[in-house]
Amino acid sequence: MRRTVRGTAAVQGIPAPHPVRRSRAALGALTAAGTLLALLLPAAPAGAAPAHRAHRSPTPQAALDAFWTADRMRAAEPLDLPAPAERPTAAVRHGAPLRVAPTLPRLPKASARPGALPQAGGPWTGGGAVTKTTGRVFFTYQGRTAACSGDAVTSGNKSTVLTAGHCVKLGGVWHTDWVFVPGYHDGQAPYGKWAATKTLSTPQWTASEDINYDVGAAVVAPLDGKKLTDVVGGQGLSFNSGYNTTMYAFGFPAAAPYDGSKLIYCGGTTFKDPLFSGDHGLGCNMTGGSSGGPWFTSFDEKTGAGLQSSVNSFGYQFWANAMFGPYFGDDAKNLYAQAQTT
């Protein structure tokens, strides 16, 4: 297996996206006309076929719960993404900062603090809210079971999960059998398996899989009559928060040397990708399967709560121990607005 992308590299048994699609992404985004947020998003070019920015899942909750057994979750292969070969021409839109506070109705007490930064990758031993809000994402991709990571966030519908764009759609196809398992540990689902009723992504990722916009979201159905963030809480969010700041990244890497059984974290001062994207960069050795895991600013190790400002997206094959995550600009903010009002 190629070790190209932290949470995004060619997966054993799962082919990479077609090279033509990667070149389209490098040339820039074909923007789809919005529906709910049509006035906030640019319209598609004249004559272009509109890209579907969302996918509805018809599979019943009970069927998905039965499908995703402990053994099947353990065996799901980490989904990875090839790194960009050149910088896309379209820049990420920046706007006014927006901060959303965490919603933590049952904040678990933190245990021993993990230690000083920087941290290039290790098990999270601090406890706190992040152990409930962060989880693994499971789905079917090209007939195979696969896995990413995700995070429950504060939202109007109390049912929104943020992840990477390629963890909801890749190679022009939306994933199926999609579930979120918060607090996952070694095949266990202590807070349940939450089935997606709808998955969404940014218009740029949906149309052309532009690496700068590798952000996805899911709206999950209630479980046992309760909504997601009423059970596990929701992390806060921060959009247009700038570069070169202290951030923490979390995920469930499943490619060697990790096995997907534990929550892993990295932390340190970020930098702007000097190569082929406008992403944040962070010293981090997480591997495939960590894709979609949250990056936090203003993260409090004592409570395990923070403001999500990115997701694990990709890494360069030639740049060891570096992870990259998309800048949460106006389009990520619009995606969040659309998901939480669904």
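Predicted model: local features only at pLDDT ≥ 70, side-chain atom pairs only at ≥ 80, totals over all residues.

Residues are numbered from 1 along each chain as its sequence is written, and side-chain values use heavy atoms, with hydrogens and water left out.

The average pLDDT (the predictor's confidence in each residue, from 0 to 100) is 82, and 79% of the residues score at least 70. Over residues 1–52 pLDDT stays under 50.

A nonpolar core is a set of buried Ala, Val, Leu, Ile, Met, Phe, Trp, Tyr and Cys residues joined through side-chain atoms within 4.5 Å; buried means under 20% relative accessible area, with a 1.4 Å probe and protein chains only.

| Core | Residues | Named members |
|---|---|---|
| Largest | 45 residues | Phe-139, Trp-178, Phe-180 and Leu-228, which touch the most other members |
| Second, separate | 19 residues | including Ala-76, Phe-138, Tyr-184 and Phe-252 |

Beyond four places in sequence, the contacts (heavy atoms within 4.5 Å) of Phe-139 include Trp-68, Leu-79, Cys-148 and Trp-178.

Arg-56 lies in strand S1, residues 54–56 (strands are DSSP runs of E, at least two residues, numbered from the N terminus). Arg-56 counts as exposed because its relative accessibility is 56%, the cut-off for exposed being over 50%. Its C-alpha is 8.0 Å from that of Ala-196, 140 residues away in sequence.

Key
Helix = DSSP H or I, 4+ residues; strand = E, 2+ residues; numbered from the N terminus.
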